[in-house]
Amino acid sequence: MSSTARSITKCSWLVICISFLLCKIRSYEFNIEDEENQELFPHPTPLLESDCLSYANLSSSTHGRHLLLISLLEKVQSPYWVPRCSGYLQLFLPPTLAPPDQPPLVTTGQMLRNITNHDGISVDRSQVINMLNGIENFYIWPETRFSRFDKYHMAVMHRLSTLFVEQSSFDNMYSIMVVFKEFLSDEMFVDSVYQVIQKRKDVGFIIP
């Protein structure tokens, strides 16, 4: 395991708690405007209902979307379906996007949304993987040591983050990121999460 992955594992829960609390405080103070429906949230809807986190509830608010993103930094070396956020978050891809080894959905898990193209047609797993293969000269696999000092790596990173950021909806982007996770090195995936937080206006603005 790389030193980056180890440090992320040790600090991930603290990062999630601090970022989540800061987002809630700032949403109250500045009445953060939801970018999707242009409504103000002076008193954000509680994320936790009946001891469960609903994906629909999380993805409908800025601080919820931010929590979903930074939760991907916890146990970054583990599959996406491993419980995170003290067991409150356990992600599952819909059947059209899930790999064969995804475990069965649990009642407290969060089922992500299908990915749709510009015509509203659902995209399956093979088509999403083709998006990754379609990135020019992409060949950085999970075992590759990613370096920010490598111009080629950073060029690929830029194209990857552009693909995420330019998605028309958070749901599309998040499902694509989760599918891509198994094909990216830990360092590259972490960097892509950071860039999404910096560039998208609908996910909060606090970098862990």
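I note that the model is predicted, with local features needing pLDDT of at least 70, side-chain atom pairs counting only at pLDDT 80 or more, and totals for chains, interfaces and linings using all residues. Residues are numbered from 1 along each chain as its sequence is written, and side-chain values use heavy atoms, without hydrogens and water.

**Entry: H5 and H7**
I located H5 at residues 151-165 and H7 at residues 186-199; their axes lie 9 Å apart at an angle of about 50°. H5 is therefore oblique to H7 (angles under 35 degrees are roughly parallel, over 145 roughly antiparallel, 65 to 115 roughly perpendicular, the rest oblique). I listed the contact (heavy atoms within 4.5 Å): H5 residues including His153, Met157, Leu160 and Phe164 face H7 residues including Met188, Ser192 and Lys199. The residues of this contact comprise 7 nonpolar, 5 polar and 2 charged.

**Entry: Ser192**
I placed Ser192 in helix H7. Ser192 is buried, at 0% relative accessible area (buried is under 20%, exposed over 50%, partly exposed in between, with a 1.4 Å probe and protein chains only). Leaving out residues up to four places away in sequence, Ser192 touches Met157, Leu160, Phe164 and Met177.

**Entry: H4 and H6**
I found that the axes of H4 (residues 125-133) and H6 (residues 170-181) cross at roughly 80° and come within 10 Å. H4 and H6 are therefore roughly perpendicular to each other. Arg125, Val128, Met131 and Leu132 of H4 meet Ile176, Val179 and Phe180 of H6.

Methods: Axes are lines fitted to C-alpha atoms, for helices over the stretch in contact, and angles run from 0 to 180 degrees between N-to-C directions. Helices (H or I, at least four residues) and strands (E, at least two) are DSSP runs, numbered from the N terminus. Ala, Val, Leu, Ile, Met, Phe, Trp, Tyr, Cys and Pro count as nonpolar, Asp, Glu, Lys and Arg as charged, and the others, Gly among them, as polar.
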